[in-house]
Amino acid sequence: MPGDFDHDCDVDAADFAAFQACARGPAVPHDGSPTCQDSDFDDDEDVDVTDFGAFQRCWSGEDHPVDPNCAN
Ligand SMILES: [Ca+2]
Ligand SMILES: [Ca+2]
């Protein structure tokens, strides 16, 4: 699921921590790890505020299932 980096079907603070670890700002390439590739919602090789916007749309809260289409 988009934004669900720890694969427990929600998007919550634990997932945000994983996202933050990849966030380096616009035009700074992420490290290429699977988590960072998933954090790069718009597939432009960075994890920046645009990706954070998509992450926010996917935020569901602890133990609330994420919408599979949230990032669209
Ligand atoms: Ca999660
Ligand atoms: Ca990006």
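The protein has three helices and zero strands; helices (H or I, at least four residues) and strands (E, at least two) are DSSP runs numbered from the N terminus. This is a predicted model, in which local features need pLDDT of at least 70 and side-chain atom pairs count only at pLDDT 80 or more, while totals for chains, interfaces and linings use all residues. Residues are numbered from 1 along each chain as its sequence is written, and chains are lettered from A and ligands numbered from 1 in the order in which they are written.

Overall dimensions. The C-alpha trace spans about 30 × 20 × 15 Å along its principal axes.

Burial next. Buried residues are 28% of the 72 in the protein. Buried means 20 or more other C-beta atoms within 10 Å of the residue's own, with C-beta atoms placed from the backbone.

Which residues of helix α3 are buried? In α3, residues 49-58, they are D51, F55 and C58. They sit on the same side of α3, because they cover an arc of only 55° around the axis, taken from the directions from the helix axis to the C-beta atoms. They pack against α1 (13-22) and α2 (34-39).

Now the core. The largest nonpolar core has 11 residues, including F19, F41, F55 and C58. Such a core is a set of buried Ala, Val, Leu, Ile, Met, Phe, Trp, Tyr and Cys residues joined through C-beta atoms within 7 Å. Both α1 and α3 supply at least two residues of this core.

Last, F55. Leaving aside neighbours within four places in sequence, F55 is in contact with G3, F19 and F41, contact being C-beta atoms, placed from the backbone, within 7 Å.

Terms used
Buried ≥ 20, exposed ≤ 12 C-beta atoms within 10 Å, placed from the backbone. Contact = placed C-beta atoms within 7 Å.
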